[in-house]
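Visitor: I'm new to reading protein models. Could you walk me through one?

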Amino acid sequence: MVTMDRHELELDGVLLAAYGSYYEGMSGDYFNPPEPEEFSLDSVHIEEGDVEIDVTDLLYNRLEEIEEIIMNQNYR
């Protein structure tokens, strides 16, 4: 089952809002191999009041790190 979620996290002292989809994976059976759980980012924003700035492209080299932080904080 895939769900769209919003998570807040702090990265290098900056509060970020990350939007993405969580896939809980499957344990597998004799005919199908197991599938791992994962969080796939759609976008990362800095929010200040009513203003929301998309910083996904600026954080391109750290998106995998952000996904791992979200997995560790919320799903494991």
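Predicted model: local features only at pLDDT ≥ 70, side-chain atom pairs only at ≥ 80, totals over all residues.

Visitor: Which residues is Leu-41 in contact with, leaving aside its neighbours within four places in sequence?

Guide: Ala-18, Tyr-19, Gly-20, Leu-63, Ile-66, Glu-67 and Ile-70.

Visitor: Is Gly-20 buried or exposed?

Guide: Buried means under 20% relative accessible area, exposed over 50%, partly exposed in between (1.4 Å probe, protein chains only). Gly-20 has 0%, so it counts as buried. Gly-20 sits in strand 2; strands (E, at least two residues) and helices (H or I, at least four) are DSSP runs, numbered from the N terminus.

Visitor: And what is a nonpolar core?

Guide: It's a set of buried Ala, Val, Leu, Ile, Met, Phe, Trp, Tyr and Cys residues joined through side-chain atoms within 4.5 Å. Here the largest one has 14 residues, and Leu-16, Leu-41, Val-44, Leu-59, Ile-66 and Ile-70 touch the most other members. Strand 1 (2–11), strand 2 (14–23), strand 3 (38–48) and helix 1 (63–74) each supply at least two of its residues. Helix 1 gives the most, with 4.

Visitor: What about His-7: buried or exposed?

Guide: His-7, in strand 1, is buried because its relative accessible area is 11%. Among its contacts beyond four places in sequence are Leu-16, Phe-39 and Tyr-75.

How values were computed. Residues numbered from 1 in each chain as written. Heavy atoms only, no water. Contact = heavy atoms within 4.5 Å.
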